[in-house]
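Have the viewer open and follow along.

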Amino acid sequence: MKRRQFVQSIGAGSALAGLGLMSGCATTGGSSAKVVVVGGGFGGATAAKYVRLFSNNSIDVTLIEPNAAFVSCPMSNLVVGGHSTMAEITTPYSNLSQRHGVKVVRDMVDSIDPVKRTVKLASGGELPYDRLILSPGIDFMPTLPGMAKAGAADKVLHAWKAGPQTVALRQQLEALPDGGTYAISIPLAPYRCPPGPYERACMVASYFKVAKPKSKVVIFDANDDITSKKGLFTKAWADHYAGMIEYRPKHKLVDVDAVTNTLKFEFNDDFKAGVANVLPDMRAGNIAVKTGLATANARWCEVDFLTFESKAQKNIHVLGDAIQIAPAMPKSGHMANAHGKTCAAAVVALLNGQEPLANPLYANTCYSFVTAKDVVHVASVHKYDAEKKTMVTVPGSGGLSSAASELEGAYAKAWARNIWADSLA
Ligand code: FAD
């Protein structure tokens with residue numbers, strides 16, 4: 001089931017070609033139509049590549065991204081655990097430009113003018129667009145006053161955007177004396193990658209088991225219970241890390257003292273950690289919020305699931321973690337990649353005066369490492385419901401591993417290589 005769903009998702013390109021979307025030759029006023037993509041993560045990189053592919057390279061695509069290369073959050077917990085390297089989770093953007101003709105601009109978008117249809121770059125330039133695709137991922141809400149103090153964000157890390165913080169968290173764990181405690185705090189759902197924090201706890205414990213056997217991992221969860229793969233994680237904790245991992249639900253973090261690494265909770269006692277790893281409340285990336293697109297609780301961007309066009313602004317499409325998800329639809333790289341293809345097909349159709357596809361279908365698979373080799377997965381399939389105008393899970397689809405295995409470890413690594421290639425190669 002898992003492999004079939006993945007192939008189905010990856011195969012979306014050829015299916016759309018069969019529907020005639022690749023013959024497009026979109027122009028505006030005689031020149032090529034212009035699509036600007038903001039953010040070169042799973043959603044944005046995929047959308048940029050597939051707008052080029054689906055339009056037979058007739059649409060001019062510019063991707064704006066501040067980072068020199070793509071660093072993957074999936075597999076980054078392996079780096080935290082000491083089982084992988086940054087080089088192994090990093091992919092260059094050069095294929096997008098050299099193979100697909102995407103203009104990759106290393107910059108930040110500072111503001112968007114939806115009326116003039118321009119984006120302003122942090123470096124000062126301005127770019128016009130016919131359609132804008134925004135996939136800025138997440139940013140953190142300023143709900144923890146202590147995290148705003150000087151130096152706090154460099155000491156109490158999230159490492160929830162793969163990159164320098166992934167390395168810094170690993171260094172903090174290496175510097176922790178044997179017997180020291182690592183604490184991770186999880187915000188209320190929805191947040192990026194529901195099983196990710198529990199996987200991280202496993203990876204830190206797998207390191208402690210070998211290098212610091214007297215150390216402990218404490219998981220403080222604002223949610224009432226483990227939000228994903230509960231039975232599989234609790235079994236892994238009992239089988240591999242008995243007495244080392246402690247799970248405490250219903251712990252809503254309200255502040256942090258970064259000087260002493262103290263976590264402060266709404267109803268529970270303070271906790272002082274050796275390494276404090278705090279995942280603050282999340283919302284759509286700042287540029288989406290600043291542009292007035294975060295219409296759901298001022299956090300997430302509501303979109304039309306047929307096109308990913310924002311419900312707040314015409315000609316702006318929002319993808320990936322930044323959107324208000326449909327029920328049971330996770331904020332995952334796999335989903336963002338699928339959003340990228342559906343949105344790309346819709347943008348090409350709209351720029352060619354055609355109707356977008358009426359029945360998108362996405363699969364999602366999320367793997368989690370519970371040891372350096374053993375992996376578990378959860379899978380789901382989501383289809384568009386025209387009456388409800390949202391995505392619904394397909395009854396009887398998807399599922400969960402029956403047990404952790406090394407075979408799934410091999411699948412997980414193949415999944416990562418495939419999705420990085422599909423998004424970026
Ligand atoms: P991102 O991939 O974060 O991309 C956003 C990009 O936008 C960034 O590159 C950023 O630099 C750029 N950007 C932001 N603002 C601007 C701006 N103003 N101008 C220009 N660029 C901008 N998902 C899975 O499917 N499977 C997994 O196993 C998995 N494991 C995970 C493990 C961890 C530890 C974490 C943290 C996440 C994991 N995820 C996993 C989730 C996955 O990483 C995200 O869901 C995915 O990255 C979302 O893609 P995105 O395009 O929305 O955002």
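Q: At roughly what angle do the axes of helix α11 and helix α12 cross?
A: First, the ground rules: this is a predicted model, where local features need pLDDT of at least 70, side-chain atom pairs count only at pLDDT 80 or more, and totals for chains, interfaces and linings use all residues. Residues are numbered from 1 along each chain as its sequence is written, and side-chain values use heavy atoms, with hydrogens and water left out. Helices are DSSP runs of H or I with at least four residues, strands are E runs of at least two, and both are numbered from the N terminus; axes are lines fitted to C-alpha atoms, for helices over the stretch in contact, with angles from 0 to 180 degrees between N-to-C directions. The axes of α11 (residues 333-351) and α12 (residues 406-424) come within 11 Å, and they cross at roughly 30°.

Q: Is α11 roughly parallel or roughly antiparallel to α12?
A: Angles under 35 degrees count as roughly parallel, over 145 as roughly antiparallel, 65 to 115 as roughly perpendicular and the rest as oblique. The crossing angle here is roughly 30°. So α11 is, relative to α12, roughly parallel.

Q: Which residues of α12 does α11 meet?
A: Contact means heavy atoms within 4.5 Å. On the α11 side you'll find G333, H334, N337 and K341, and their partners in α12 are W415, I419, D422 and S423.

Q: At roughly what angle do helix α8 and helix α9 cross?
A: Look at α8 (residues 196-211) and α9 (residues 230-240), whose axes come within 11 Å. The two helices are roughly parallel, because their axes cross at roughly 10°.

Q: Which residues of α9 make the contact with α8?
A: From α8, the contact uses Y198, E199, C202 and K209. From α9 come F233, W237 and H240.

Q: Which residue is joined to A189 by a cis peptide bond?
A: Omega is about 5° at this bond.

Q: What is the phi of K229?
A: K229 is in the loop between β14 (216-221) and α9. Though not a glycine, K229 has a positive phi, about 50°.
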